[in-house]
Protein chains: 2
Amino acid sequence: MKRKEFRKLVSVEKAREIINSLQILPKKEGESLENACGKILAEDIVTEINVPPFSRSTMDGYAVKAEDTYACSETEPVRLRMLGNIPAGSDEQITVLGGEAVEIATGAPIPEGANSVVMVEYSSEEEDTVLIYRPVTVGENIMKAGSDILKGERVLRKGRKLGTREIGVLASVGKKEVSILKLHVGIISTGDELVLPGEILGKGQVYDANSYTLYAGVQECGAFPLLYGVVKDNETVMRKTLETAVSECTLILTSGSTSSGAGDIMYRLIDEIGETLAHGVNIKPGKPMVIGRIKGIPIIGLPGNPTSALMIFNEFVAPLLRKALEADTELKKIEKGIMGTDLRSEGRQQLLPVGLIRGRVYPADRGSGAITSLSEADGFIEIPSKVEFIEAGTPVEVTLFDEVAKPGLLIAGGFCPGIDVLEDLSGILFRTLYTGSSGGFSSIASKIADVAGVNMPFPSSKEQSGILYNIPAIKNMGLSGVVLIKGYRRDVGLIVRQESTISGLSDLPGKRLINRNMGSGTRALLELEIAELINEKGINKKEFTDSIPGYFSGAKSEVAICEAVLSGKADAGIGKRNCAEKNKLKFIKFAEEEYDFLVRKEVLGTHEVRRFLETLNSKEFTSRLPIGLQVYERTGEMLPFE
Amino acid sequence: MKRKEFRKLVSVEKAREIINSLQILPKKEGESLENACGKILAEDIVTEINVPPFSRSTMDGYAVKAEDTYACSETEPVRLRMLGNIPAGSDEQITVLGGEAVEIATGAPIPEGANSVVMVEYSSEEEDTVLIYRPVTVGENIMKAGSDILKGERVLRKGRKLGTREIGVLASVGKKEVSILKLHVGIISTGDELVLPGEILGKGQVYDANSYTLYAGVQECGAFPLLYGVVKDNETVMRKTLETAVSECTLILTSGSTSSGAGDIMYRLIDEIGETLAHGVNIKPGKPMVIGRIKGIPIIGLPGNPTSALMIFNEFVAPLLRKALEADTELKKIEKGIMGTDLRSEGRQQLLPVGLIRGRVYPADRGSGAITSLSEADGFIEIPSKVEFIEAGTPVEVTLFDEVAKPGLLIAGGFCPGIDVLEDLSGILFRTLYTGSSGGFSSIASKIADVAGVNMPFPSSKEQSGILYNIPAIKNMGLSGVVLIKGYRRDVGLIVRQESTISGLSDLPGKRLINRNMGSGTRALLELEIAELINEKGINKKEFTDSIPGYFSGAKSEVAICEAVLSGKADAGIGKRNCAEKNKLKFIKFAEEEYDFLVRKEVLGTHEVRRFLETLNSKEFTSRLPIGLQVYERTGEMLPFE
């Protein structure tokens with residue numbers, strides 16, 4: 001019996017130590033001022049000129065001796081003899097004596113003898129004299145030579161990241177080109193399942209995101225990325241790609257193929273043509289990380305999952321790039337927040353991807369542990385080893401992935417095209433988690449979501465007729481501290497091909513149905529409608545559903561439903577009118593369901609939720625609703641559950 | 001009597017209203033994913049695939065039916081029949097039945113029938129079977145199809161600024177190219193005094209910084225700048241440049257020539273070939289701002305001073321660009337701070353450039369009112385009209401110019417090359433204000449600076465011999481709550497040409513001297529040395545100094561001193577040894593002055609000051625000191641003044 005052993009993990013501290021010991025030497029290259037913004041300065045800038053190079057006027061007016069104006073006033077102006085006019089850029093030599101003045105433009109050099117400038121507003125010209133109505137003090141409205149930047153001063157230090165202001169300083173001292181640091185970082189994605197964006201996706205294949213996220217990440221650090229594309233797990237190709245990258249780059253990043261099972265060619269190659277410094281780091285999700293060196297060029301292997309790769313890049317690689325670029329800028333974008341929900345950790349050191357909404361932090365983890373979503377995480381938090389529980393309300397620091405917009409509302413629940421309209425009109429950025437109606441109720445219960453879009457039906461009691469929506473589910477779950485806001489009605493029905501002979505639910509037996517997944521309100525509604533039909537016709541429920549092949553199938557979205565019908569894999573599906581119409585399929589309405597919004601009471605007063613509700617109640621929303629969605633008299637009605 | 005009238009100013013609100021009404025229509029252009037980072041998305045992105053497109057394994061291991069593992073344990077593993085191996089990217093069709101397992105790689109599609117994956121760590125292979133040592137639950141180590149991004153979902157909204165994560169999402173859904181918004185902004189600098197960086201500076205000329213700061217600023221907003229260079233105040237040239245820009249851009253920014261006095265050609269031209277919407281805004285420093293339109297293309301005239309131009313750009317233009325680009329990102333970089341000093345305002349609405357150091361805000365204004373420095377301001381604060389006084393300690397919001405490093409220490413006082421060494425070794429970013437020793441004392445008194453480098457001499461009392469440094473100045477000013485930290489000694493002397501016959505102070509009569517400015521410690525030291533010489537020789541002081549032409553001159557820096565000597569404009573100057581040697585001039589030492597650091601007691605405990613002092617006391621500092629600077633037994637000694 002041969003039991004597979006996992007490699008020896010190094011500690012996070014050890015991994016950092018190894019990474020910090022890597023020698024990365026960026027090249028110095030000249031760059032024009034226009035293209036220098038965001039780059040790292042490779043040299044100290046010591047100015048060879050004063051800025052301004054001469055004492056200049058900061059106003060349009062008259063250069064005078066201040067002493068001449070001390071006694072003047074609005075009613076008793078002083079009269080000075082006009083010597084002439086100094087425009088900006090003038091190299092004229094004029095000397096101002098007592099009792100004299102020279103007209104001077106903003107930016108023009110102060111003439112010899114003058115020690116102040118009277119603003120034009122406080123003067124009037126009269127033939128070859130000027131009347132001054134207000135006294136000035138020595139130095140007034142004059143910017144002295146060197147008062148901005150002194151000649152010989154070091155104005156910018158090597159390693160400075162150049163922003164608008166630095167670019168301005170460089171221009172001010174006459175620099176047209178500056179020496180910047182260039183660090184070429186090679187990016188290689190590996191994995192037989194990967195194809196590049198733009199190519200056609202085959203079975204078992206996924207698009208490579210890492211090449212592009214790492215490309216952007218490397219750029220953000222001020223380094224220069226080079227893409228080597230996707231390399232399949234083929235030793236010859238991989239060896240050749242590595243050798244090319246080694247000859248062209250000062251650092252190589254690979255991602256994927258980092259597991260110890262299948263496809264570990266990369267490790268063997270690093271071991272064979274270079275040296276492995278570490279393989280496996282004791283941090284989640286960096287476990288399969290590899291650090292090595294080939295011909296002196298460091299190579300770091302990142303996890304294949306894009307969010308994990310981005311976290312490990314931010315945590316280990318970005319600091320290395322910044323160090324190599326001698327950047328004095330702390331690029332790590334930290335934002336403080338408080339945990340929005342209780343969080344259990346496994347006691348191992350961990351980087352946890354999180355969402356950050358209005359200062360509230362929640363795990364951006366769809367429950368499958370290691371796998372998280374780029375589209376849901378704003379950044380990550382570090383959970384130290386031995387921490388097994390973080391209570392809701394605990395302050396945490398989030399390392400942001402980037403500076404882009406953070407969402408204002410977290411909306412969970414069943415998918416609805418109306419949500420996109422609400423987002424567009426409200427001007428609030430939504431983070432949407434389409435988890436189905438059941439998932440929506442859970443997200444509100446666990447205080448993760450602010451708003452959940454729900455359409456969960458329940459048979460009415462004997463006293464009432466028809467179907468009740470959402471309220472029974474709230475009561476059954478014992479939810480409190482929430483408000484149900486009535487949303488709008490949606491046409492729900494069967495979706496069939498145009499030529500189909502199916503005209504209603506009773507035609508389903510014998511037809512291949514594609515149903516929605518468990519937890520979907522639409523699936524629950526179909527069940528209720530069938531129950532009603534059975535009731536009417538007096539037939540057996542099990543017999544009826546067993547007669548419909550695919551009744552127990554579970555497509556994750558109505559888009560998938562439409563595709564199954566379009567492709568002929570199914571004869572009928574269920575969904576909303578607008579999706580059927582978009583796919584040019586026939587829609588047979590069987591119900592008008594109520595799609596409502598469940599809101600946590602404590603967020604009702606926030607600007608974002610108020611704006612959301614305003615938008616829901618607005619005329620613009622009504623007029624922009626997609627087909628099959630209707631607002632009605634109850635839209636906006638608020639039902640509190642204490 | 002014709003009194004010049006200033007144009008009618010519009011209010012800030014009115015100016016914003018006019019700017020908001022400007023029609024700017026960016027073009028949509030395709031952009032490759034590599035170049036899309038930082039750009040603005042021109043289209044909604046609705047995915048056409050699920051991410052992942054199929055349910056995939058998140059681990060290396062064995063795909064099994066979870067039910068088969070429920071009873072197993074470390075001591076009693078369950079044995080399953082091995083069906084084969086599914087590598088990543090595989091399109092093989094395998095069905096797993098009860099009692100069976102398939103080896104599976106991370107990322108590979110889950111085979112039909114399997115509902116979980118056992119990690120390789122909890123298994124061992126034995127011939128054509130596998131032993132499982134731990135139970136798994138349904139769904140464990142599986143990432144479900146569409147669990148990251150659901151097909152048909154809008155994953156990115158039009159107007160979103162693309163960061164690393166957005167790029168990753170686009171790649172994940174297979175996008176190779178996206179439609180982005182392109183807004184071409186023309187930039188024209190005007191002014192007869194301006195020359196482009198890289199050119200030779202004539203008399204009365206300054207380098208144009210605005211072209212480049214605005215270029216970088218426009219880029220930061222996600223728009224595309226086009227430079228039209230410097231246009232002199234010549235109507236024909238300016239008209240031609242404007243016409244070209246109007247034909248190529250969707251917005252034009254000009255700067256300079258905005259005063260009502262000389263060079264107002266730009267306004268007349270806008271009036272003549274277009275229309276003026278506003279000329280003059282009631283905000284400091286935006287007063288000379290102009291807003292107009294030529295052939296439907298908006299044109300905004302900014303002030304000529306670079307800091308003012310950058311403030312007005314941030315305040316009025318950047319929001320316009322963002323609006324035009326439908327960017328949902330708030331690009332205004334606000335940081336909270338508290339006023340570090342009392343501040344008087346003139347009661348007019350004002351944008352005041354400020355420095356921001358460790359949360360403390362101080363005016364970055366060298367006292368001349370309208371003129372401020374790009375190299376000293378980190379951003380600006382808005383002071384509402386009618387506010388005439390802001391007390392130290394008041395919380396304020398700073399709009400940052402960019403995201404680049406903020407300094408950790410504000411150091412004022414006399415220039416010293418030792419400061420650059422301290423900065424390099426400490427790793428702390430310094431903001432230096434070389435204001436001379438006197439300026440250093442004042443900056444500490446007004447609580448603006450954290451540290452002042454001072455070398456102010458004072459004659460010793462009769463009981464003591466030699467010259468005392470800095471302590472008498474502290475006492476004379478009545479400074480309290482400060483600590484004087486003894487720095488190092490600096491060789492000070494006469495600087496003369498190599499062939500000069502001057503060998504000491506007594507040779508100065510009849511020679512043209514270039515002295516330092518008032519407030520410089522070196523100038524004060526020269527005076528004391530001369531006093532001593534006179535004392536010794538029993539000659540008259542006034543006679544002696546009157547016999548030295550230029551004794552009352554005042555160069556702002558020792559670099560200027562060296563140049564005057566090198567060029568032959570002066571025969572001797574005063575300064576430090578290293579400056580003389582750098583300029584290959586002869587140095588005749590007449591004193592060894594003490595250069596100390598005055599620190600405000602309340603900042604002594606900060607990390608930055610502690611690091612500063614550590615560095616001062618370090619061996620590395622001693623070994624890296626420039627020639628003519630020596631640490632000595634008192635270096636690092638701390639003298640408190642309560």
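Residues are numbered from 1 along each chain as its sequence is written, and chains are lettered from A and ligands numbered from 1 in the order in which they are written. Because the model is predicted, local features need pLDDT of at least 70 and side-chain atom pairs count only at pLDDT 80 or more, while totals for chains, interfaces and linings use all residues; side-chain values use heavy atoms, with hydrogens and water left out.

Chain A gives 123 residues to its contact with chain B, and chain B gives 124 residues, where contact means heavy atoms within 4.5 Å. The area buried between chain A and chain B is about 10000 Å², and carbon and sulfur atoms give 57% of that. Buried area here is the accessible area (1.4 Å probe) that two parts lose on being put together, summed over both. On the side of chain A, 8% of the area buried against chain B comes from A:R154, A:T164 and A:R165, more than from any other three residues.

In chain B there is an open sheet of six strands in the order 17-14-18-21-20-19, with mixed pairing. Helices (H or I, at least four residues) and strands (E, at least two) are DSSP runs, numbered from the N terminus, and two strands pair if DSSP finds at least two bridges between them. Strand 17 (224-231) and strand 19 (275-279) of chain B each have a single partner strand, so they stand at the edges and one side of each is left without a neighbour in the sheet. On average, neighbouring strands of this sheet are turned by 20 degrees against each other, direction ignored. Axes are lines fitted to C-alpha atoms, for helices over the stretch in contact, and angles run from 0 to 180 degrees between N-to-C directions.

Within this sheet, four bridges join strand 18 (residues 251-255) of chain B and strand 21 (residues 297-302) of chain B in the parallel sense. B:I252 stands opposite B:I299 of strand 21 of chain B.

Helix 2 (residues 164-172) of chain B has nine of its nine residues buried, so it is largely enclosed by the rest of the structure. Buried means under 20% relative accessible area, exposed over 50%, and partly exposed in between (1.4 Å probe, protein chains only). Among the buried residues of helix 2 of chain B are B:R165 and B:E166. Just after this helix, B:G174 takes a positive phi of about 90 degrees.

In chain A, strand 35 (residues 572-576) is largely enclosed by the rest of the structure, because five of its five residues are buried. Strand 35 of chain A runs antiparallel to strand 33 of chain A, with five bridges between them, and A:A572 of strand 35 stands opposite A:V496. Strand 34 (residues 513-514) of chain A pairs with strand 35 of chain A in the parallel sense over two bridges; the bridge partner of A:I514 in strand 35 is A:G573.

Rings of Phe, Tyr and Trp (its six-membered ring) pair if their centres lie within 6.5 Å; planes under 30 degrees apart count as stacked, over 60 as edge-to-face and the rest as tilted. The rings of A:Y488 and A:F597 are edge-to-face, because their centres are 6.1 Å apart and their planes stand at 65 degrees. This pair links distant parts of the chain, with A:Y488 in strand 33 (residues 482-496) and A:F597 in strand 36 (residues 586-600) of chain A, 109 residues apart. Both A:Y488 and A:F597 are buried. In chain B, B:Y595 and B:F597 form an edge-to-face pair at 5.4 Å centre to centre, with 85 degrees between the planes. B:Y595 counts as buried at 0% relative accessibility, and B:F597 is buried with a relative accessible area of 0%.
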